[in-house]
Amino acid sequence: MESPIKFSAIGGLIAALLLTACQDDSGESSSAVLKINGSTTVNLPVAEAAEILRERTQKVIQVDTQGGSSGGISMLGEGLVDLGMASKHVDDDDRAKFPDCDYQEIHIGEDAVALIVSKDVWEGGMKSISKQEMASVYEGKVTNWKEIGGPDQRIAFFNKEPGRGTWEVFAHWLYEDPKTAPLVSFPEVGGNEETRNKVASTRGALSQLSSSWADGKSVFALAIKTAKGGVIEPSGKNIADHSYPMSRPLFLLSNGEPTGEAKEFVAFMLSDEGQELVRKHGYLGLADLSE
């Protein structure tokens, strides 16, 4: 039997139309269909949880990743989904754009953004990068790996689409405020799988990616150089205590306190079983985080 979980853009549009059709006069969904959209990072444990609950309850749960974190935030704000997924905080601009949406961030786990390189770069000796070196690459001042301690190879940088949670965490680290990040003309990549495949298949490649997707076989995560001459890797310990500078929370988003099907789904994600799904996909569960 075909799974009701939807991942395509067409599926997302259908979900939006279904939600509009199924809302009653109070604006609440009158059907048992639960619609979730957003971050490709958060999607991994959420999609598996949806499959488990679908099998147990026979309820229809539609999960999509249109537009990444920004898509989840905006579709929730527009009333097109019941829950959003985001790997970044909902910022003041988002709240101002959708003033009728009472965004609630439900913390389900922790991840980090890694700077990943292709195998030839890694084997050429490039194992770490400083904030200043990364800024020089991003701003086009450094174009060959040998200029920052790597092999004599042109840097092929793939920039995450601005608006995705991964890019915003990266831009916060590099420039403190994503709004101050310079406009660049590098090729853009979207979801995690696309990014990993592009870097793995391109010599001299570099990009930003969820650390759990850096498999150490086809793509490799660089450590971040510190001001004191050390390095910090995106390890579980460093993510948990936030010593790694691009650690980030993973959220489910609701409009006000979740109710009905959404409340049940959130409760599952926060249960021991749901938290094991978070860990299964390489993220930290809430119990793994430092106080």
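Let's start with Ser 130, which counts as buried because its relative accessibility is 16%, and the cut-off for buried is anything under 20%. This is a predicted model, by the way, so treat everything below as a reading of that prediction. You'll find Ser 130 in the loop between β5 (128-129) and α6 (131-138). What does Ser 130 touch, once its neighbours within four places in sequence are left aside? It is in contact with Trp 173 and Lys 225.

Now zoom out to the whole chain. It has 11 helices and 12 strands. Of its 291 residues, 53% are buried. Take the contacts in the chain with a separation of 6 or more: 74% of them are between residues 24 or more positions apart.

Next, pick out strand β4, residues 103-118. Here 13 of the 16 residues are buried, so β4 is largely enclosed by the rest of the structure. Which strands does β4 pair with? One of them is β12 (residues 247-255), which runs antiparallel to β4 and is joined to it by 9 bridges. To find this pairing on screen, look for Ala 112, which stands opposite Ser 247 in β12. Another partner is β8 (residues 205-210), again in the antiparallel sense, with 5 bridges. Your landmark for that pairing is Ile 116, standing opposite Ser 207 of β8. Then there is β9 (residues 219-221), also antiparallel to β4, with 3 bridges between them.

With 8 of its 10 residues buried, α3 is largely enclosed by the rest of the structure. Which residues of α3 are the buried ones? They are Gly 68, Ser 69, Gly 71, Gly 72, Ile 73, Ser 74, Met 75 and Leu 76. After α3 comes Gly 79, and its phi is positive, near 75°.

Finally, let's see how some helices pack. Two packed helices are described by the angle between their axes and the distance between the axes. On the α2 side, the contact is made by Pro 45, Glu 48, Ala 49, Ile 52 and Arg 56, while α11 brings Glu 273, Leu 277, Val 278 and Lys 280. Sorted by class, that contact has 5 nonpolar, no polar and 4 charged residues.

Helix α2 also meets helix α10 (residues 260-270), where the axes come within 11 Å and cross at roughly 115°. This crossing is right-handed too. From α2, the residues making the contact are Pro 45, Val 46, Ala 49, Ala 50, Ile 52, Leu 53 and Arg 56, and from α10 they are Phe 265, Phe 268 and Met 269. How do the residues of this contact divide by class? There are 9 nonpolar, no polar and 1 charged.

How values were computed: Residues numbered from 1 in each chain as written. Predicted model: local features only at pLDDT ≥ 70, side-chain atom pairs only at ≥ 80, totals over all residues. Heavy atoms only, no water. Buried < 20%, exposed > 50% of the residue type's maximum accessible area, 1.4 Å probe, protein only. Helix = DSSP H or I, 4+ residues; strand = E, 2+ residues; numbered from the N terminus. Pairing = 2+ DSSP bridges. Contact = heavy atoms within 4.5 Å. Nonpolar A, V, L, I, M, F, W, Y, C, P; charged D, E, K, R; others polar. Axes fitted to C-alpha atoms, helices over the stretch in contact; angles between N-to-C directions. Left-handed = near helix turned anticlockwise from the far one by under 90°.
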